[in-house]
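The text goes through them group by group.

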Amino acid sequence: MRRLDAHGSTRAVEAPPRVSFEFFPPKNPQMENQLWDTVKALEPLLPQYVSVTYGAGGSTRDATFETVRRIAAKTHLRPAAHLTCVGHGRKDIAQLLERYWEAGVRHIVALRGDHPAGGGSTPPDGLAYAADLVAFIKTVADFEVSVAAYPETHPQAQSAEADLDNLKRKLDAGATRAITQYFFDPTSFLRFHERARRAGISVPIVPGILPVTNFAQVVRFSAMCGTAIPDWLTELFEGLDDEQDTRKLIAAMVATEQCRALQAEGITDFHFYTLNRADLILGICRRMGLKPAPLPDRDGFAEAPAPMQRDPEMPD
């Protein structure tokens, strides 16, 4: 199907994208109000799921659980709980997974994670890598599991090939989706996507999109996670430290162009790092062809979740 655009020429009608959103657990009442305002604003976009992050070493364990539980109980959204293995033993992980299952949560984003500031150690019965965590999750219950991928290579990986092999191990362990670290050059994602397909990876590889409003902060974080900052992005934000409104306009423009470039290459799924703010995400999604929709009827919404079928070898 084709239609006339604003200039009178025809173009193909693109299907709306499939989106997901990432939130982080609030640290104080003001941040909590902001989070739930954001959830309410984004809910009508009917994302495939929304995820909630997990602090280094499990530092936000209770806050993450409560946020995920509330999303599952009070909204139409399907929440996914981030979970890391650093700092946790198998028994602790199993107990937390059981709590999620009983709360009706069926999706875990499995990550290795980082030790909290000041260090820390993994218990003797702990899990060393994300692939180990994925395999363990699948022995506890039949969760859907997503994992992380790095278009520009994980900073601790020995090589791009070794990093891709690690992704394959996570998928072979039972994960069914990879969500990428954010990036700014669409070609970096497309090259990685092609390499993954040539390596036999067939699961969805979802680009992670971060609208940049605090450029200095993103520069610092990117240095730690291995994301390249293009010169053109630096030039766009140069001299705008005190121009918040202009920064937001540029952030929306950059992220929208990034998504549209990927859409043109056939990418249909997008994961947005929202930073618990809705305004830019709403505008970007609208430009991509996704509009708010009426929320489904809540009849039957609070049905009790199915009981967990415990593996006989799962720790008590």
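R78 has a relative accessible area of 45% and is therefore partly exposed, a class that lies between buried (under 20% relative accessible area) and exposed (over 50%), computed with a 1.4 Å probe on protein chains only. The model is predicted, so local features need pLDDT of at least 70 and side-chain atom pairs count only at pLDDT 80 or more, while totals for chains, interfaces and linings use all residues. Residues are numbered from 1 along each chain as its sequence is written, and side-chain values use heavy atoms, without hydrogens and water.

Side chains of opposite charge can pair when their charged atoms come close. R78 forms a salt bridge with E144, with 3.4 Å between the closest N and O atoms; the term requires a side-chain nitrogen of Lys or Arg within 4 Å of a carboxyl oxygen of Asp or Glu. This pair links distant parts of the chain, 66 residues apart: E144 lies in strand β7 (residues 144-149), and R78 lies in the loop between α2 (61-74) and β5 (79-84). Helices (H or I, at least four residues) and strands (E, at least two) are DSSP runs, numbered from the N terminus. E144 is also partly exposed, at 23% relative accessibility.

Another of them joins K138 and D142, whose closest N and O atoms are 3.0 Å apart. Here K138 is partly exposed at 30% relative accessible area, whereas D142 is exposed at 60%.

A further salt bridge connects R198 with E194 at 3.7 Å, N to O. Why are R198 and E194 separated by about one helical turn? Both belong to helix α6 (residues 186-198), and they are four residues apart there. R198 counts as exposed, with 61% relative accessibility, and E194 counts as partly exposed, with 41%. Elsewhere, salt bridges with shared partners join R78, E144 and R177 into one network.

The remaining topic is a nonpolar group. W232, L236 and M253 form a nonpolar patch on the surface, and their accessible area together is about 260 Å². Patches consist of residues with over 30% relative accessible area and no salt bridge, where like charges are joined within 9 Å and nonpolar side chains (Val, Leu, Ile, Met, Phe, Trp, Tyr) within 5 Å. Accessible areas come from the Shrake-Rupley method with a 1.4 Å probe, and for residues only the protein chains shown count as cover. L236 sits in helix α8 (residues 231-237) and is partly exposed at 31% relative accessible area.
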